[in-house]
Amino acid sequence: MSSFSSKSELALNLSSKGSALTFMGYVAPANTLDASNGNTPGVVDPTNPDAQSVYRAVAELDRNGKFWFTETNAYSGDNGRAAVLDDKTGLYYTAGNSNNGEGTSVPGVIFGTGAQLVRPAYKPEQAQNPGSPTPVGGFSVTQLPANTKADKLGKDTNFAEVADYNNVLYYTKGSGSNGIDTVYFVDTTGKACPQGVGVPVPGAAFPSSADAYDPATGNPAGNMCVLAGFPTALAKSIKTPDTGAASNTADIGALWFANSTTLYVADSGNGDDTYADGSYTGAAAQNLAGIQKWSLVNGTWTYDYTLNTGLGLGVPYTVAGLPTGTNPATGRPWAPAVDGIRNFTGKTNCDGTVTLYAVTTAVGGVTDYGADPNKLVAITDKTAAVAAPAGEKFTTLRTTGAGDVLRGVSFTPGTR
């Protein structure tokens, strides 16, 4: 199950060879509210105000249509967001966040967040006895020379998504006031980025064992790096997250490699639900929300353009089953509007294009815009283009109804 009404859960991922589909949820009864705020049974933060105690779980749907569930003590106090199975190692690699209290001194809360390695159980849940979380990597803002002051422990790795491509493990961060909202990778060589920024070393081993961590603080070792060319500014220093500058992303989500030099990155929008003169003006003014395209040039990733034409950012649209007019509880129209894109997948076409399939995020008039209905959309882009080609625009494949929210779509498996 998911935890209503979180906006960042249930990303679906195909394994690296396409053998299975995975996602994350909670070991809790149906219709449980706010399961994501509770501790996990093996990592208890006494300052957490939520009294629930539930394991997080990786769900795997194999090629025979059978589900397997693996419980974990990771992400205590928050949500596991995504999981991918690496077919070569047979391990899950997961992304998420932890900590719903003040107990950052609880080591398991700190090393049980961000990038995790989970070994599949493949046995009944009642026979499982999850141990301590096992981080696969860690990052601290102090790895960058400009940052001498450490951030809040465990919050630099508030990761949104994970991807396995070309024998490298990638993560994204796009929310929270700590850390850096950007694209990361796990460096198993210790040589790729001595100052916290770099690109993967060709032929580097894929991570297959847990990362070391400080037993006193719980802080994992710094074996993760910012992917060269992506933002390095502290999240807390960016006052206006979507100003149009490529370095100022609003909320990074999924990433998908069209090839080794072309990368697409989702931006789910700034969450600004200001409404005036018939539109959600904060959402409508965004330049980066949608799917950003980046190209690798001379060892550095460079921003090309953002695909968002046709999304109708900030423009209210009709949803079957929702009331009309204004919601008196929020003072905004019931009708939602697209804010950006969090999860998407892609396929390469034989004519030099890629087709991207995505689910939108929304702002709107319900009490929590994470529960607003959204859309399934698609767009075709010229892979070699470095400027937005004329005429490319999103088309809507499906619009959800009231009480219906799409969360995630699968990535195309990486090349191994």
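Which residues form a disulfide, and how far apart are their sulfur atoms? Cys 193 and Cys 225 do, with 1.7 Å between the two sulfurs. Keep in mind that this is a predicted model. The close-ups below start with that pair and then move on to some charged pairs.

**View 1. Cys 193 and Cys 225 are joined by a disulfide.** A disulfide is a covalent bond between the sulfur atoms of two cysteines. A search through the whole structure turns up one disulfide. Cys 193 sits in the loop between β10 (183-186) and β11 (197-198), while Cys 225 belongs to strand β12 (residues 224-227), so the pair ties together parts that are 32 residues apart in sequence. Both ends are tucked away: Cys 193 is buried at a relative accessible area of 9%, and Cys 225 is buried at 2%.

**View 2. Cys 350 is an exposed cysteine.** Its relative accessibility comes to 88%.

**View 3. Asp 251 and Arg 342 meet in a salt bridge.** Side chains of opposite charge can pair when their charged atoms come close. Here the N to O distance is 3.5 Å. Asp 251 lies in the loop between β12 and β13 (252-259) and Arg 342 in strand β21 (residues 337-348), so this contact ties together parts that are 91 residues apart in sequence. Asp 251 is buried, at 13% relative accessibility, and Arg 342 is buried too, at 10%. In total, the structure holds four salt bridges.

**View 4. Arg 332 pairs with Asp 273 in a salt bridge.** The N to O distance is 3.4 Å. The pair links distant parts of the chain, 59 residues apart: Arg 332 is in strand β20 (residues 332-333), and Asp 273 is in the loop between β14 (262-267) and β15 (275-276). Buried or partly exposed? Arg 332 is buried, with a relative accessible area of 13%, whereas Asp 273 counts as partly exposed at 23%.

**View 5. Lys 293 forms a salt bridge with Asp 381.** The closest N and O atoms are 3.2 Å apart. This time each partner is in a strand: Lys 293 in β17 (residues 290-297) and Asp 381 in β23 (residues 375-382), so the pair ties together parts that are 88 residues apart in sequence. Lys 293 and Asp 381 are both buried.

Key:
Residues are numbered from 1 along each chain as its sequence is written. This is a predicted model: local features need pLDDT of at least 70, side-chain atom pairs count only at pLDDT 80 or more; totals for chains, interfaces and linings use all residues. Side-chain values use heavy atoms; hydrogens and water are left out. A disulfide is a pair of cysteine sulfur atoms within 2.5 Å. Helices (H or I, at least four residues) and strands (E, at least two) are DSSP runs, numbered from the N terminus. Buried means under 20% relative accessible area, exposed over 50%, partly exposed in between (1.4 Å probe, protein chains only). A salt bridge is a side-chain nitrogen of Lys or Arg within 4 Å of a carboxyl oxygen of Asp or Glu.
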